[in-house]
Amino acid sequence: PAACEVAVVPILFALSRRALARAPFAFATVLALAATLASRNFLFLAGDLAADCLFMAAHCLDLLAAFAYLARSVLIERRSRDVSIGFAHLLMPVQQAVSAYYWLQAFEAVPELVGAGVPFEALQIGNCITLGAYLGASALFFAEAMDSH
């Protein structure tokens with residue numbers, strides 16, 4: 001698990017180096033904002049400050065990725081008729097609905113787990129907003145698919 005995550009970093013860097021070269025300031029700004037939010041609102045789960053902050057940073061970046069997914073659906077005028085794109089638009093809201101349900105219902109807010117700030121509220125609100133972004137992207141995709149027929 002940890003070795004796999006480390007092993008995938010060079011592959012991800014190779015795939016994204018052109019995008020990073022085009023907008024290094026935007027990339028650094030997004031990472032700085034996610035790191036700041038994560039360092040001010042984190043759960044005390046692992047007992048390691050860095051791991052706990054990285055957990056929250058992953059959720060912050062997931063929220064931003066959902067907005068990028070929604071922006072892509074809004075801005076791309078012509079879509080491919082590939083089945084995998086429709087499947088992704090169907091699956092992403094379902095996957096995020098499970099995550100939102102987990103943070104809203106299945107995982108109780110325990111004050112002893114709060115490392116700093118309001119992490120439970122940040123996770124609950126962030127996951128609901130992420131779900132909304134994926135639902136919006138799916139609605140746009142399927143509305144356009146139905147309109148073209």
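Trainee: How many of the 21 residues of helix 1 are buried?

Mentor: The number buried is 0, so helix 1 lies largely in the open. Buried means under 20% relative accessible area, exposed means over 50%, and partly exposed is in between, with a 1.4 Å probe and protein chains only. Helices here are DSSP runs of H or I with at least four residues, strands are runs of E with at least two, and both are numbered from the N terminus.

Trainee: Before I go on, what should I know about the source?

Mentor: This is a predicted model, where local features need pLDDT of at least 70, side-chain atom pairs count only at pLDDT 80 or more, and totals for chains, interfaces and linings use all residues. Residues are numbered from 1 along each chain as its sequence is written, and side-chain values use heavy atoms, with hydrogens and water left out.

Trainee: Back to helix 1. What is its reach from first C-alpha to last?

Mentor: Helix 1 reaches 30 Å with 21 residues, close to the 30 Å expected at 1.5 Å a residue. The expected span is 1.5 Å times one less than the number of residues.

Trainee: And where is the kink in helix 1 centred?

Mentor: On Ser16, with a kink of about 55°. The bend at a residue is the angle between axes fitted to the seven residues ending there and the seven starting there.

Trainee: Which residues form the nonpolar patch on the surface?

Mentor: Val8, Val9, Ile11, Leu12 and Leu15, with about 480 Å² of accessible area together. Ile11 lies in helix 1, residues 2-22. Like charges are joined within 9 Å, and nonpolar side chains (Val, Leu, Ile, Met, Phe, Trp, Tyr) within 5 Å. Accessible areas come from the Shrake-Rupley method with a 1.4 Å probe, and for residues only the protein chains shown count as cover.

Trainee: Now the whole protein. In what order do the elements run from the N terminus?

Mentor: They run α-α-β-α-α-β-α, which comes to 5 helices and 2 strands. The C-alpha trace spans about 55 × 40 × 30 Å along its principal axes. Of the 149 residues, 23% count as buried.

Trainee: Switching to rings: how many aromatic pairs does the structure hold?

Mentor: The structure holds 7 aromatic pairs. In one of them, the rings of Phe141 and Phe142 have centres 5.1 Å apart and planes at 80°, so the pair is edge-to-face. Rings of Phe, Tyr and Trp (its six-membered ring) pair if their centres lie within 6.5 Å; planes under 30 degrees apart count as stacked, over 60 as edge-to-face and the rest as tilted.

Trainee: Is Phe141 buried or exposed?

Mentor: Phe141 counts as buried, at 9% relative accessibility. Phe142 is partly exposed at 30%.

Trainee: Which residues form the aromatic cluster?

Mentor: Phe55, Tyr102, Trp103, Phe107 and Phe120 form one cluster.

Trainee: Last topic, helix 3. How does Ser73 count there?

Mentor: Ser73 is found in helix 3 and counts as buried at 4% relative accessibility. Its C-alpha is separated by 9.7 Å from that of His89, 16 residues apart along the chain.

Trainee: What about Ala58?

Mentor: Ala58 lies in helix 3, residues 49-75, and is partly exposed at 44% relative accessibility. The C-alpha atoms of Ala58 and Val30 are separated by 12 Å.

Technical notes. Patch = residues over 30% accessible without salt bridge, like charges linked within 9 Å, V, L, I, M, F, W, Y side chains within 5 Å. Salt bridge = Lys/Arg side-chain N within 4 Å of Asp/Glu carboxyl O.
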